[in-house]
Amino acid sequence: MSLSHLRRLEAEAIHAIREVVATFSNPVVLYSIGKDSSVLLHLAMKAFFPSKPPFPFLHVDTTWKFREMIEFRDRMAKERGFDLLVHTNQDGLDQGIGPFSHGSNIHTHIMKTVALRQALDKYGFDAALAGARRDEEKSRAKERIFSIRNGQHGWDPKHQRPELWKTYNTRIRPGETMRVFPLSNWTEFDIWQYIMTEDIPIVPLYFAARRPVVERDGMLIMVDDDRMPLQPEESVTERLVRFRTLGCYPLTGAIESEAATVADILREMLTVRTSERQSRLIDRDEAGAMEKKKREGYF
Amino acid sequence: MSYLPTLAPLDIQAHLADQDNKSILRFITCGSVDDGKSTLIGRLLFDAKLVYEDQLANLGRVGAQRSANGDDIDLALLLDGLEAEREQGITIDVAYRYFSTSKRKFIVADTPGHEEYTRNMVTGASTAALAVLLIDSRQGVLSQTRRHSYIASLLGIRHVVLAVNKIDLVGYSQTVFEGIAEDYLHFARELGFQSIKPIPISARYGDNVIANSEKTPWYQGAALLEYLETIDFDRQEAQKPFRFPVQLVMRPDANFRGYAGQIASGKISVGDQVIVAKSGQRTSIRSIVTYDGEVEKAVEGEAVTLVLSDDVEVSRGNMLAAPGARPFVADQFQAHMIWFDPSPMIPGRSYILRTETDSVNATVTALKHQVNINSFVREAAKSLQMNEIGVCNISTQAPIVFDAYKDDRTTGNFIIVDRISNATVGAGMIDFPLRRADNVHWQATDVNKGARSAMKNQRPAVLWFTGLSGSGKSTIANALDKVLHARGKHTYLLDGDNVRHGLNRDLGFTDEDRVENIRRVAEVAKLMADAGLIVLVSFISPFRDERRMARELMEKGEFIEIFVDTPLEECARRDPKGLYEKALAGKITNFTGISSPYEAPENPELHLHTVGHEPISLALKIEEYLDQMTEEK
């Protein structure tokens, strides 16, 4: 008898999560509220049962997340009883940095990358678990499960440690940190299939509903609050849409869809012809955008 | 021909169950630079319609910056995701790709061809069951082909697809194809692969990638994808014995103690007997705990938590195993090792050895030979350089639990970590334990160090003088020796030059020999300290690693590092033995400070500047330090 594909992925991820707890003194989970984070949370609950996960969950809040995401985050923290930390870059907030006023690049750098670095430094975390997957993007396909960051949180793709078998080198020097991606070998499809099999709660934005959207740069941007400035030729219309991936609402495009259940989503995925990252504006601002962000400390 | 259904199945649950039960083949692509590995995977995904439209569109945009193939879409760019890779047009690091067809799921690791990045090829190979080895039809078998074949075989890959690529560039010639296949089969005979399948391919034009090509009518075999879909790689082997490396002890409260880990091999049921490998204690499984409830049994690959019937001593790094087929427990063993780091592996140097869950200090006691990857001939070697493979005897500070790598890839592997940089500098596959580990036991003696030093009315110490040649080490050591002797202390002075006349007469001045030189002297100093003596060691000892090794041999507080700090110019001016003159004239190679490095101590117990100070006053300073230490005690 051999394990099914999903059980194998599950066991590999649990092993990596436990390895972090066994070898680091102050780990944290980077909780971004999306589907991957939801799976990671679920796996962390499994990994330490009957104990609770022995680390906090950190959300880096840019203040531009969908409102439904924030509601979901707070509900999950209460229901699952985990320790939730929220960090916002106060300097960025004071300067009024935002995606509309400063563009996606500056906004992401200041409110996500810099904010993440601040939070890691503030709490002195030595390892940060996150739900990144190799199938998301080409430079992520190159990343290790245990991925070392220097004192400035930078990633050097040319000097990654060889990572053989599942014998991880978890040693770091003072100031260095480790990023750990237990879901590295999962695909988008695996994630959905696992969400269905395990009945994992996710933000309702993933399901189709009539939502107010504006068409901009070939993407459907949802008007989530009144901070969104409209161009003269633009108008808000209600359309039946859902999200394949969630980030800051002005930077995340919706797709037209009728998929209202996880089974519908899986069915839709079997015929879809574009990648999930297509709806993420921040990957597209220049060639090698993701790699560049990761070098600076984005994950 | 598409491998994705164009209509969604109505019964998604049934479809998913079907998906989930498909076998999964992990494979790597390897071979020399520019053999077209990334292009081949790109072609496979593209032709099987497994590439998303936006990724293709994006490819056009990036590709325009490096239009290697003129107007063609450069499919390699689907894989080469790093900027440096796009700049140089090579693969630097492993890219993992995931795809599935109606028959099977695949994880492919596209690994680099460049020799410099061999470590990344090894990374991909460590988890793969099959290797697609590319050969350029115009080049035939190259040394990188041999290297990658050898590494694949060493890491336990049992199936090879020989993708004879760029067949379009040799006019789809059957003769060329068959010549290369024959060459390869001949050379790979001794590598022990279970299957080798040569396929003529043009990754650029897609010949024999997902379908048979009309241009090679003489080739009757399967196209690459069909072959990958149907090969029986998971040959049912005899049931392996139960192995459970303990990862974590779970103690949520006083009533629960469970052991978390991932089953490396075999299976386990509630009630089964197990032994704790390191102690040999026997117990049984009381329950198997998971988040989804208790289960009756668990199998290889599952991450579970086991509760034992008895209160036995188990911690991370130990292993639970089948009583009838126990793993080895030893602190000495032979292993094949691949070295990754620019600074070579030197026998005698201390490293950290990491198995899946254990971590111990280790040294290579002997490099038996290295393997020439072109001829597979065993060659004598004193050190392993980057990307070299050797067979070593390894000694660990404490026993570890393991199996032979050929029996179990999970419990038979280890990595080597540098103690300073924390880099993963090597990886190993264990062959077998060394019997002498079982038979040589430390002889416990009744008259011990305490008794011997008490009789001498002194505290044993190792005073380790380090510094450049001519810095004044021996002069100061000699002065101190006289002072201590006059006070009735029992001392002995080990001088570098003197020891090299006898015990270390066989050693030269290469890095390897210097390491061995220090190792022997440190061991002698340790025995002398055990005899209750105050030992003065006056050795250049240029490398930090070895001084630390010496320090770790001694008891805490016993090792006193004395840095005799004299500028190189001053040493050269003094030149008591005329060595600097010769070294500067190029008559001595490997001379510390001139043609070989000196790594100054970072935190010596005593840091002596000699310029402007008399040797006797410096010796008295050391005496003072010794007195203080004795008082504190």
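**Where the domains meet**

Reply: Gladly! Let us begin with charges: between domain 1 of chain A and domain 2 of chain A there are 2 salt bridges. Keep in mind that this is a predicted model.

Me: Which residue forms a salt bridge with Arg67(A)?

Reply: The partner is Asp224(A), and the closest N and O atoms of the pair are 3.7 Å apart. That falls inside the cut-off, since a salt bridge needs the nitrogen within 4 Å of the carboxyl oxygen.

Me: How many residue pairs are in polar contact between domain 1 of chain A and domain 2 of chain A?

Reply: The count is 6 residue pairs, with both residues at pLDDT 80 or more.

Me: How should I think about the size of an interface?

Reply: The size is often given as the accessible area that is lost when the parts come together. Here, domain 1 and domain 2 of chain A bury about 2700 Å² between them, with 62% of it on carbon and sulfur atoms. In domain 1 of chain A, the residues that lose the most area to domain 2 are Phe66(A), Phe100(A) and Phe189(A), together 28% of what that side buries.

Me: Which domains is chain B divided into?

Reply: Chain B has domain 1 (12-230), domain 2 (237-321), domain 3 (329-436) and domain 4 (449-632). Let us take one pair: the contact uses 21 residues from domain 1 of chain B and 13 residues from domain 3 of chain B. About 1500 Å² is buried between these two, and carbon and sulfur atoms give 65% of that area.

Me: How many salt bridges are there between domain 1 of chain B and domain 3 of chain B?

Reply: The count is 0 salt bridges, but 6 residue pairs are in polar contact across this interface. On the domain 1 side, helix H5 (118-125) and helix H6 (143-154) of chain B each give two or more residues. The largest share, 6 residues, comes from H6(B). This side of domain 1 of chain B divides into 10 nonpolar, 5 polar and 6 charged residues.

How values were computed
Residues numbered from 1 in each chain as written. Chains lettered and ligands numbered in written order. Predicted model: local features only at pLDDT ≥ 70, side-chain atom pairs only at ≥ 80, totals over all residues. Heavy atoms only, no water. Buried area = accessible area lost by both parts, 1.4 Å probe. Salt bridge = Lys/Arg side-chain N within 4 Å of Asp/Glu carboxyl O. Polar contact = N/O pair within 3.5 Å; in protein donor to acceptor, adjacent residues only side chain to side chain. Domains from an automatic or database assignment. Contact = heavy atoms within 4.5 Å. Helix = DSSP H or I, 4+ residues; strand = E, 2+ residues; numbered from the N terminus. Nonpolar A, V, L, I, M, F, W, Y, C, P; charged D, E, K, R; others polar.
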